[in-house]
Amino acid sequence: MGIEVRSVSKAFGDFQALRDVDLDVKQGELVALLGPSGSGKTTLLRIIAGLEFADAGTVLLDSEDATARSARERRVGFVFQHYALFRHMSVFENVAFGMQVRPRALRPAKNEIARRVHELLELVQLDGMAGRLPSQLSGGQRQRVALARALAVEPRVLLLDEPFGALDARVRRDLRRWLRRLHDELGLTSVFVTHDQEEALELADRVVVMNLGRIEQVGTPDEVYHEPATRFVTEFMGEVNVFRARVERGSAWVGGASFDVSAEVGDGRGAAIYVRPHLLEVDRQPWPGAAIRARVERVLAAGPTAKVELVTDAGERVQAELSQERHRALRLQVGEAVFVRPRDKRVFAEDYVI
Amino acid sequence: MSTADWTLRSFAEPPPALAAARTEPAWVRVTLIGVALCFLGTFLILPLAAVFVHALQEGWDVYVASITEPYALAAIRLTLLVAAICVPLNAAFGLAAAWAITRFEFRSKGVLVSLIDLPFAVSPVISGLIFVLLFGLQGLLGPWLREHDVKIIFAVPGIVLATLFVTFPFVARELIPLMEEQGADEETAAVSLGASGWQTFWRVTLPNVRFGLLYGMVLLNARAMGEFGAVSVVSGHIRGQTNTMPLHVEILYNEYQTAAAFAVASLLAGLAVVTLILKRLIEWRAGRRGGVV
């Protein structure tokens, strides 16, 4: 089932949580709402669930207007950030809850409920835990109970609020892959909220990057990572170096090197040139045309790549990531004068004129 | 919860080094423990024992006679009646107040929270006087009540009202911090799973606060049965009609029937002991279920 959000706005007092947001989620898709705290991503999720109501705009579920419908009537599965398991109920009772509260006419028989619960617990690999209380489970197990509980109502849509936020790194990675498989097997339409770009890129079919109550970009993980549409997305998707320069006759001058930015920024304006650390080349010899002079500040060789911190002649701090082979060949020394140049870059116009 | 667990455990089994660092010289320990025991004995155990000793000083028969004579029985019955009305009503009010305060944002919420504490803040005598001024013959509603032949002051309704007022904060005070800490997440989850408001209340809200509620009700009951000041003002002390147990004790004492007075008082003292045991029991049960009181 698809979700359509049409020009939704929402304010809490003076705080504008969402500003005129549009979003389409197609049947069977797994979509990530990615953004920093306060970007409105959780509010948007709760509005889709019917736990919060928009001040303006509409929400369509399966092309039907659901804006006025309560959470009860929307039949969406919601997994809460801190799981919100019923603390006084066993795992079994937690999962059975959604079926037990149905009106008598729609309620499955007792043994049918029990069968379904055990099926779901098997699905989330917790079948032996039916009698436990939530307080007797680990974080990852609680998370899976919350998921089974949400799935018990046979939701048309699964919504997850920071599903891995409270887990430690290893459990988080395992659970992430497992959730992806589950989503595909059950043919769900899912939306999850996260502030971790790595998580969004790894798990989602499409990523919705949000900032200050607006959607900055919607795209596949590839698109938002390699072709960020705005400066915010560029900065949010991972570490990045920024070179600022004034544009004259189509070129931006950075520390003695010139870059052709005529396609992106007009003459007389400031350009911000974004380069990811692994796309910054370092060498002792200058390249013809576009080499920026810099001095090596620090070298961190531990890890899959070697990280080099440099300061340009203009005083800007930049980071480069070299492969271990390149690092061994180069043997950079702290304090050494070198040249850097971007292999690839994203250029945005500064909001102001220098 | 996990932090609390940790704290408890670490107090139970202090690591050796820490235990040594915390150990005081023997004479300091003996003195401190001695002072504490003396204080406890003088102010808590001695009076409690005195009540029972005095109650039984003229023998078991006098004791039984004192608590089974008609006026004493009437006082016991009235006290039980007042408690039977006040405990469920104030449990419901307290739960409603705690729910409204912890689950909704509204203006003047702070004022409401302070108002709940009002009965604790004013002297019980004043609590009684409020009702005399409202419902008494010279009171605000007095003439209207007399016309319609409704008697509140110097009658049972007045006693119930005064007790309700004095005991209002117990349950609310107990539940507000508890519900605040638990948050509304579980209730929201219940609604998202399709539960109605009523189902959410009975299956999620109430079970989550049941120990806190019970705890508040035990304290509320003890106060409802033991309240003296406010009830004294509105009761009129009519034997067999508007005399509660505490008032009955006072009358007997003023008439130099010491043994009888202490016999009835021993029932109230017994109530206190039972209350304390129940309180401990609830705390222990709640602790075991991972709930918080």
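Modeller: Ile292(A) has Val340(A) as its bridge partner in β19(A), and the bridge partner of Arg293(A) in that strand is Phe339(A). What you are looking at is a predicted model, in which local features need pLDDT of at least 70 and side-chain atom pairs count only at pLDDT 80 or more, while totals for chains, interfaces and linings use all residues. Residues are numbered from 1 along each chain as its sequence is written, and chains are lettered from A, with ligands numbered from 1, in the order in which they are written.

These two bridges belong to the pairing of strand β16 (residues 292-300) of chain A with β19(A), which is antiparallel and runs over 4 bridges. Here a strand is a DSSP run of E with at least two residues, a helix is a run of H or I with at least four, and both are numbered from the N terminus; two strands are said to pair if DSSP finds at least two bridges between them. In general, strands of a sheet pair through backbone hydrogen bonds, either parallel or antiparallel.

β19(A), which covers residues 337-342, also pairs in the antiparallel sense with strand β15 (residues 280-283) of chain A, over 4 bridges, and there Glu281(A) stands opposite Arg341(A). β16(A) pairs with strand β17 (residues 305-312) of chain A as well, in the antiparallel sense and over 6 bridges, one of which joins Arg298(A) to Glu309(A). The hairpin of β16(A) and β17(A) has 4 residues between its strands, and in this hairpin Gly303(A) takes a positive phi near 115°.

Elsewhere in chain A, 4 strands form an open sheet in the order β2-β1-β4-β5, with antiparallel pairing. β2 (15-25) and β5 (64-65) of chain A are the edge strands, each pairing on one side only. Within this sheet, strand β1 (residues 3-12) of chain A pairs with β2(A) over 7 bridges, in the antiparallel sense, and Glu4(A) has Asp24(A) of β2(A) as its bridge partner. Helix α1 (residues 41-49) of chain A packs on the sheet and touches β1, β2 and β4 (56-61) of chain A, its direction making about 120° with that of β1(A); such angles run from 0 to 180 degrees between N-to-C directions, and axes are lines fitted to C-alpha atoms, for helices over the stretch in contact.

A further open sheet of chain A has 6 strands in the order β6-β7-β8-β3-β9-β10, and its pairing is mixed. Its edge strands, each pairing on one side only, are β6 (76-79) and β10 (214-219) of chain A, and the twist averages 15° from one strand to the next. Strand β3 (residues 30-34) of chain A pairs with strand β9 (residues 206-211) of chain A in the parallel sense over 4 bridges, with Leu34(A) and Val209(A) as bridge partners. Packed on this sheet is α5(A), which touches β6 and β7 (157-161) of chain A and whose direction makes about 165° with that of β6(A).

Helix α5 (residues 139-151) of chain A also packs with α3(A), at an angle of about 30° and with the axes 7 Å apart. Because of that angle, α3(A) is roughly parallel to α5(A) (angles under 35 degrees count as roughly parallel, over 145 as roughly antiparallel, 65 to 115 as roughly perpendicular, and the rest as oblique). The residues that make the contact are Val91(A), Asn94(A), Val95(A), Phe97(A) and Gly98(A) of α3(A), together with Val145(A), Ala148(A) and Arg149(A) of α5(A), where contact requires C-beta atoms, placed from the backbone, to lie within 7 Å. They divide into 5 nonpolar, 2 polar and 1 charged; Ala, Val, Leu, Ile, Met, Phe, Trp, Tyr, Cys and Pro count as nonpolar, Asp, Glu, Lys and Arg as charged, and the others, Gly among them, as polar.

This brings us to the neighbouring chain, where 19 residues of chain A are in contact with 15 residues of chain B. On the side of chain A that touches chain B, the elements giving two or more residues are α2 (71-74) and α3 (91-100) of chain A. The residues of that side divide into 11 nonpolar, 4 polar and 4 charged.

Conventions. Contact = placed C-beta atoms within 7 Å.
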